[in-house]
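Here's a friendly walk through one protein model, meant for someone meeting it for the first time. Have the picture open as you read.

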Amino acid sequence: MKSVLFLFSILIISSGFDSIRFYEPKPGTSSAINKNLVLELVNRARTNGCKCGDTYYYPVPALKWNSILEKAAFHHSVDMEQKKYFSHIAPDGSKAGKRIEKVGYKWKAYGENIASGYSTEAAVVEGWLKSPGHCKNIMNKMYKEMGMGRSGRYWTQNFGAK
């Protein structure tokens, strides 16, 4: 039985909310993500160029992994799982930019992809690349770094540039 897949993307936003709660990873929850594989898949698309919907994006520089962006991504995935929602906007009203700032990343640009229902890194990256908005985030030349977190069936990918 195929999982129902939900995808949303967010570009550059900001928010004035300060009431964000963060969670510490429990053993075996988040960082069972294969970071090297994710970077390889994302950077393959970036360095080769790819078509996102009807728009072709020329090659852009590879991203580097950032553990602060990973932490923010993981926290958002945990929050979605624990509070049973699926959105770029948390129930407390916080948006990605504020969540990323709260863990200490001073961004000039950021983006966020979320997904639900995928079981592997390869499947979620493939799903994002088939979605024009998510693919556009992956191919955005402004972003220099990324991090990704997973909790249960919820995935969050954060991009940033300082």
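What follows is a look at one strand and its partners, then some aromatic rings, a lysine and a few cysteines.

Keep in mind that this is a predicted model.

**A covered strand**

Let's start with strand β7, which spans residues 154–161. How many of its eight residues are buried? Eight of the eight are, so to speak, tucked away: the strand is mostly covered.

Which strands pair with β7? One is β5, residues 109–116, which pairs with β7 in the antiparallel sense over eight bridges. In that pairing, S116 stands opposite Y154. Another is β6, residues 145–151, which also runs antiparallel to β7 and is joined to it by seven bridges. There, M148 has Q157 as its bridge partner. β6 and β7 form a hairpin with two residues between them.

Searching the whole structure turns up four aromatic pairs. Here are two of them.

| Pair | Distance between ring centres | Angle between planes | Arrangement |
|---|---|---|---|
| F86 and Y154 | 6.3 Å | 35° | tilted |
| W107 and Y110 | 4.5 Å | 70° | edge-to-face |

Why is the F86 and Y154 pair called tilted? Its planes are at 35°, and that falls between the stacked range, under 30 degrees, and the edge-to-face range, over 60. The planes of W107 and Y110 are at 70°, so that pair counts as edge-to-face.

The F86 and Y154 pair brings us back to β7. F86 lies in the loop between α2 (67–83) and α3 (96–102), and Y154 is in strand β7, so the pair ties together parts that are 68 residues apart in sequence. Y154 has a relative accessibility of 5%, so it counts as buried. As for the other pair, W107 and Y110 are both buried.

**A lysine in the open**

Now look at K106, in the loop between α3 and β5. Is K106 buried or exposed? Its relative accessibility is 61%, so K106 counts as exposed. Setting aside neighbours within four places in sequence, K106 is in contact with A161 and K162. K106 and K162 are 56 residues apart along the chain, and their C-alpha atoms are separated by 6.0 Å.

**One bond, and one cysteine left out**

A disulfide is a covalent bond between the sulfur atoms of two cysteines. The count here comes to one disulfide. It joins C52 to C135, with 2.0 Å from S to S. The torsion about that S-S bond is about -60°, so the disulfide is left-handed. The pair links distant parts of the chain: C52 sits in strand β2 (residues 50–52) and C135 in helix α5 (residues 132–138), 83 residues apart. Both C52 and C135 are buried.

What about C50? Its closest cysteine sulfur is the one in C135, and at 3.5 Å that is too far for a bond. The cut-off for a disulfide is 2.5 Å between the sulfur atoms. C50 has a relative accessible area of 14%, so C50 is buried.

Note on methods. Residues numbered from 1 in each chain as written. Predicted model: local features only at pLDDT ≥ 70, side-chain atom pairs only at ≥ 80, totals over all residues. Heavy atoms only, no water. Buried < 20%, exposed > 50% of the residue type's maximum accessible area, 1.4 Å probe, protein only. Helix = DSSP H or I, 4+ residues; strand = E, 2+ residues; numbered from the N terminus. Pairing = 2+ DSSP bridges. Phe/Tyr/Trp six-rings, centres within 6.5 Å; stacked < 30°, edge-to-face > 60°. Contact = heavy atoms within 4.5 Å.
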